[in-house]
Amino acid sequence: MPTTYQLYIHLRRPCRLQAGRLPAARLPAGWYVYTGSARRNLAARVERHLRRDKTLRWHVDWLLTRREARVVHVVLSEAPECQANARVGGEVPVPGFGASDCRAACGSHLRYLGPERPRVVPEAALRRRRPGLRALRAALEGG
Ligand SMILES: [Zn+2]
């Protein structure tokens, strides 16, 4: 059973983000990956991330409730959260983002990958009108 999820997020415009108690940061447009985990109810957790209407709780909520941001693709994995995060590479756009519980010195569970679509994101995923839930279903079916 997978316990780790990775949200591939596209930000269509640069924006200034101030998440929770973190200092404000300027995020460039482009592709981001957010890595999180849930030991139980993984699907419900990911679905929550895909909803725009919610109480802001996790750092990523401040990003995903922005109109400029959308989750295009979801990858589930059995790898430990921090290992999956490390494999993504990329840059740390906001130090400490999503890493309050991190003991592996990831620096951030949000990574910036740059302006180009990452290879792991299917081109077709970009054309879907409401990619979020479909992305989740595809991930749950192993697609
Ligand atoms: Zn970590």
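Q: Which residues does Y32 touch, not counting those up to four places away in sequence?
A: Two residues touch, or are in contact, if their C-beta atoms, placed from the backbone, lie within 7 Å. With residues up to four places away in sequence left out, Y32 touches I9, L11, L110, R111, Y112 and L113. Residues are numbered from 1 along each chain as its sequence is written. This is a predicted model, so local features need pLDDT of at least 70 and side-chain atom pairs count only at pLDDT 80 or more, while totals for chains, interfaces and linings use all residues.

Q: How many helices and strands are there in the protein?
A: Helices (H or I, at least four residues) and strands (E, at least two) are DSSP runs, numbered from the N terminus. The protein has five helices and six strands. Read from the N terminus, the order is β-β-β-β-α-α-β-α-β-α-α. The radius of gyration, taken over C-alpha atoms, is compared with a globule rule of 2.2 Å times the number of residues to the power 0.38. For this protein of 143 residues the radius is 14 Å, close to the 15 Å of the rule, so the protein is as compact as a globular protein of that length. Its C-alpha atoms fill a box of roughly 40 × 30 × 30 Å along the principal axes.

Q: In what order do the four strands of the open sheet stand?
A: Two strands pair if DSSP finds at least two bridges between them. Here the order is β5-β1-β4-β6, with antiparallel pairing. The edge strands are β5 (69-77) and β6, and each pairs on one side only. Angles run from 0 to 180 degrees between N-to-C directions; axes are lines fitted to C-alpha atoms, for helices over the stretch in contact. Ignoring direction, neighbouring strands of this sheet are turned by 25° against each other on average.

Q: Why is strand β4 largely enclosed by the rest of the structure?
A: Count neighbours: a residue is buried if 20 or more other C-beta atoms lie within 10 Å of its own, exposed if 12 or fewer, and partly exposed in between. β4 (residues 30-37) has seven buried residues out of eight, so the rest of the structure largely encloses it. Over the whole protein, 37% of the 143 residues count as buried.

Q: Which members of the largest nonpolar core touch the most others?
A: A nonpolar core is a set of buried Ala, Val, Leu, Ile, Met, Phe, Trp, Tyr and Cys residues joined through C-beta atoms within 7 Å. The largest one here has 34 residues, and L7, Y8, I9, Y32, V71 and V74 touch the most other members. At least two core residues come from each of β1, β4, α1, α2 (59-64), β5, β6 and α5 (131-140).

Q: Where does helix α3 lie, and at what angle to β4?
A: α3 (residues 81-88) lies across β1, β4, β5 and β6 and runs at about 165° to β4. Its buried residues are E81, A84, N85 and V88. The arc is that of the directions from the helix axis to the C-beta atoms. In α3 the buried residues fall within an arc of 100°, so they line one face of the helix. Their cover includes β1, β4, β5 and β6. After α3 comes G89, with a positive phi near 70°.

Q: What is the phi of N41?
A: Most residues other than glycine have a negative phi. N41 has a positive phi near 55° and is not a glycine. N41 sits in the loop between β4 and α1. It is exposed, with 10 other C-beta atoms within 10 Å. A105 is another case: its phi is positive, about 55°, although A105 is not a glycine. A105 is in the loop between α3 and β6. A105 is exposed too, with 8 other C-beta atoms within 10 Å.

Q: Does H59 count as buried or exposed?
A: H59 is buried, with 23 C-beta neighbours inside 10 Å. Helix α2 holds H59. Leaving out residues up to four places away in sequence, H59 touches A19, G20, L22, F97 and G98.
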